[in-house]
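Please look over the model below before reading my notes.

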Amino acid sequence: MSRRVDTANRTVLALLGLLLLGGAAVGLAASFGAFGDPPPVLPESARRFEDQQPWFWWAVAGACLLIALLALRWLLAQLHTDRVSRLDLTRDDREGRTVVHAGALTDAVEEEAQSLRGVVGASARLVEDRARKLTVAVELADYADVAEVRRVLEDRVVAHARQAVDDPDLPVDIELRPGRRAGSRGLR
């Protein structure tokens, strides 16, 4: 999910939670008689309202439909991610079309990063929020030389990824996770 969707989710869910908490507190207080002797849950005029107004159930149906459409829109927003599935490297259609699958690029980056001495795991993903960006997370063994791994990642792995997509300015975020788990890899 994108940052914008995450922020909207947190805001809406926090407001909804506060509204429900307030309603529950008022209902609980009313049930204990905090507002005096409680009248019947619905007065007589409210209990007969829907019988006297033929449009009432149509309004209820419209409100339920609106809520269902808003819920559907929210669910569809959850499915939207900022991951890129294909990179179109075509500069001129007359010379042909070049498309690279993002999975091929990220798999190659992961494989090359995992082949480094001291690396026990790596994951990469290509995202596009405002601009395309490659993120690489590398798990290091306890014995790994962090500075050396970082240098090789920047000099070799990132350079190869930038060359593969023909973008020398491709932004790359590298996250190093030192000593997360030990492994037998990287003893080259």
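1. Two strands pair if DSSP finds at least two bridges between them. Helices (H or I, at least four residues) and strands (E, at least two) are DSSP runs, numbered from the N terminus. Thr135 stands opposite Asp173 in E5. Strand E5 covers residues 172-177, and six bridges join E4 to E5 in parallel.

2. This is a predicted model, where local features need pLDDT of at least 70, side-chain atom pairs count only at pLDDT 80 or more, and totals for chains, interfaces and linings use all residues. Residues are numbered from 1 along each chain as its sequence is written, and side-chain values use heavy atoms, with hydrogens and water left out.

3. E4 also pairs with E3. Nine bridges join these two, and they run antiparallel. Arg132 in E4 is the bridge partner of Glu128. E4, H6 and E5 form a right-handed β-α-β unit. Right-handed means that, with the strands pointing away from the viewer, the path from the first strand over the helix to the second runs clockwise.

4. How many of the nine residues of E4 are buried? Seven are. Buried means under 20% relative accessible area, exposed over 50%, partly exposed in between (1.4 Å probe, protein chains only).

5. Contact means heavy atoms within 4.5 Å.

6. The structure holds three aromatic pairs. Rings of Phe, Tyr and Trp (its six-membered ring) pair if their centres lie within 6.5 Å; planes under 30 degrees apart count as stacked, over 60 as edge-to-face and the rest as tilted. Phe49 and Phe56 are edge-to-face, because their planes stand at 90°, with ring centres 5.7 Å apart. Ring pairs link Phe49, Trp55, Phe56 and Trp57 into a cluster. Trp57 is exposed, at 52% relative accessibility.

7. pLDDT is the predictor's confidence in each residue, from 0 to 100. The chain mean is 82. Among the elements, H6 has the highest mean (91) and E1 the lowest (66). Over residues 181-188 the pLDDT is below 50. Where pLDDT is low, the predicted coordinates should not be read in detail.
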